[in-house]
Amino acid sequence: MSKIAIVTDSNSGISQKQAEEMGIYVLPMPFLIDGKEFLDGINLFPNQFYEYLASDADVSTSQPSPDSVLTLWDRLLKEYDEIVHIPMSSGLSGSCQTAMMLSEDYDGRVQVVNNQRISVTLVHAVMDALEMVKKGMNAAQIKETLEREALWSSIYVTVTTLKYLKKGGRITPAAAALGTMLRLKPVLQIQGEKLDAFSKVRTMSAAKKTMIDALRSDLEGRFAGCPMRLAIAHTNNEEAAMEFKRELEAEFPGFPEIIVNELSLSIACHIGDGSLAAACSRIAEV
């Protein structure tokens, strides 16, 4: 049986410490902040990042350099027979296509998965990959299964400020001004390669109800009868996230442990702090 390394990137929200505990490897995503490069989870951590955002620093995301990807792979292939590399959705970053191109020189030993996920749904994909390794599947089989399962997930996100959506060009200045005046809180949806508007509400409690109703609709509709996982994510809002977890446990009893994680800093860059997200993913059928 092949010895397989599972690799993802920090857009999963998995910290280096969590990665070590899980037995996986996380490629840190680079950020440019006021012209200086930082690496997520290496020399840039959430508390520092939100301080930069609050001070209106010039923050932008990038993708890992080819050299950093190849260095990690080459190091792992001294210990492992194969690698399953699961980056963030190809529709949200060019890092997946870059990794696919780089993997062509590895004679099939590196399988790059276009899993079309991010944040906690990407964590779920990593969990599925680890289970497939235990079952004795090879890297190519794991890639095929994860890509087949890619779109069987949903994320719903609410934000507390429209400032960063406006800054990133996702809403117009006029819409941001009107939304701020009316105290609107948008609920956004991430499915596959798209980040779309889902609903508009006025309070956080209404936003949470909207996300719970959306999850219930998914679970009773397109995911009916499927084995599922739930998750919660947040940006610098852990106390509210833990309270939301208790609400989801009451609404949806009988599910596996609901993970709570920080939304990746690359998402936080576009929505700011104080956000909450709820997600569901089908457990991979193997």
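Student: Ala241: buried or exposed?

Tutor: Ala241 counts as buried, because its relative accessibility is 0% and the cut-off for buried is under 20%. Keep in mind that this is a predicted model.

Student: Where is the place of Ala241?

Tutor: Ala241 lies in helix 10, which covers residues 238–251.

Student: And what does Ala241 touch?

Tutor: Setting aside residues up to four places away in sequence, Ala241 touches Ile232, His234, Val260 and Leu276.

Student: Left-handed or right-handed, the crossing of helix 9 and helix 10?

Tutor: Helix 9 and helix 10 make a right-handed crossing.

Student: Which residues of helix 9 and helix 10 meet?

Tutor: From helix 9 come Lys208, Met211, Ile212, Leu215 and Arg216, and from helix 10 come Glu243, Phe244, Glu247, Leu248 and Glu251. Sorted by class, this contact has five nonpolar residues, five charged ones and no polar ones.

Student: How many residues does helix 9 have?

Tutor: Helix 9 has 17 residues, numbers 204–220. From first C-alpha to last, helix 9 reaches 24 Å, close to the 24 Å expected at 1.5 Å a residue.

Student: Which residues in helix 9 are buried?

Tutor: Ala207, Lys208, Thr210, Met211, Ile212, Ala214, Leu215, Asp218 and Leu219 are buried.

Student: Why would residues three or four places apart point the same way in an α-helix?

Tutor: An α-helix has 3.6 residues a turn, so residues with that spacing point the same way. In helix 9, Lys208, Met211, Ile212 and Leu215 are among the buried residues, and these also take part in the contact with helix 10.

Student: Different pair now. At roughly what angle do the axes of helix 3 and helix 4 cross?

Tutor: The axes cross at roughly 55 degrees and come within 11 Å, with helix 3 at residues 66–76 and helix 4 at residues 95–103. Helix 3 and helix 4 are therefore oblique to each other, and helix 3 passes helix 4 in a right-handed crossing.

Student: Which residues in helix 3 and helix 4 meet?

Tutor: Helix 3 contributes Pro66, Val69, Leu70 and Trp73, while helix 4 contributes Thr98, Ala99, Leu102 and Ser103. That contact has six nonpolar residues, two polar ones and no charged ones.

Student: Ser95 is in helix 4 too. Is Ser95 buried or exposed?

Tutor: Ser95 counts as buried, because its relative accessibility is 8%. Apart from neighbours within four places in sequence, Ser95 is in contact with Asp9, Gln63, Pro64, Pro87 and Met88. The C-alpha atoms of Ser95 and Ser65 are separated by 8.9 Å, and these residues are 30 apart along the chain.

Student: What about the axes of helix 5 and helix 6, at roughly how many degrees do they cross?

Tutor: Roughly 145 degrees, and the axes of helix 5 (residues 119–134) and helix 6 (residues 139–149) come within 10 Å. Helix 5 passes helix 6 in a right-handed crossing. The residues in contact are Ala125, Asp128, Ala129, Met132 and Val133 of helix 5, with Ile142, Thr145 and Leu146 of helix 6. By class there are six nonpolar, one polar and one charged.

Student: Last thing. How many helices and strands are in the protein?

Tutor: Eleven helices and 13 strands. Of the 286 residues, 51% count as buried. Among contacts with a separation of 6 or more, 74% join residues 24 or more positions apart.

Note on methods: Residues are numbered from 1 along each chain as its sequence is written. This is a predicted model: local features need pLDDT of at least 70, side-chain atom pairs count only at pLDDT 80 or more; totals for chains, interfaces and linings use all residues. Side-chain values use heavy atoms; hydrogens and water are left out. Axes are lines fitted to C-alpha atoms, for helices over the stretch in contact, and angles run from 0 to 180 degrees between N-to-C directions. Helices (H or I, at least four residues) and strands (E, at least two) are DSSP runs, numbered from the N terminus. Angles under 35 degrees count as roughly parallel, over 145 as roughly antiparallel, 65 to 115 as roughly perpendicular and the rest as oblique. A crossing is left-handed if the near helix is turned anticlockwise from the far one by less than a right angle, and right-handed if clockwise. Contact means heavy atoms within 4.5 Å. Ala, Val, Leu, Ile, Met, Phe, Trp, Tyr, Cys and Pro count as nonpolar, Asp, Glu, Lys and Arg as charged, and the others, Gly among them, as polar. The expected span of a helix is 1.5 Å times one less than its number of residues. Buried means under 20% relative accessible area, exposed over 50%, partly exposed in between (1.4 Å probe, protein chains only).
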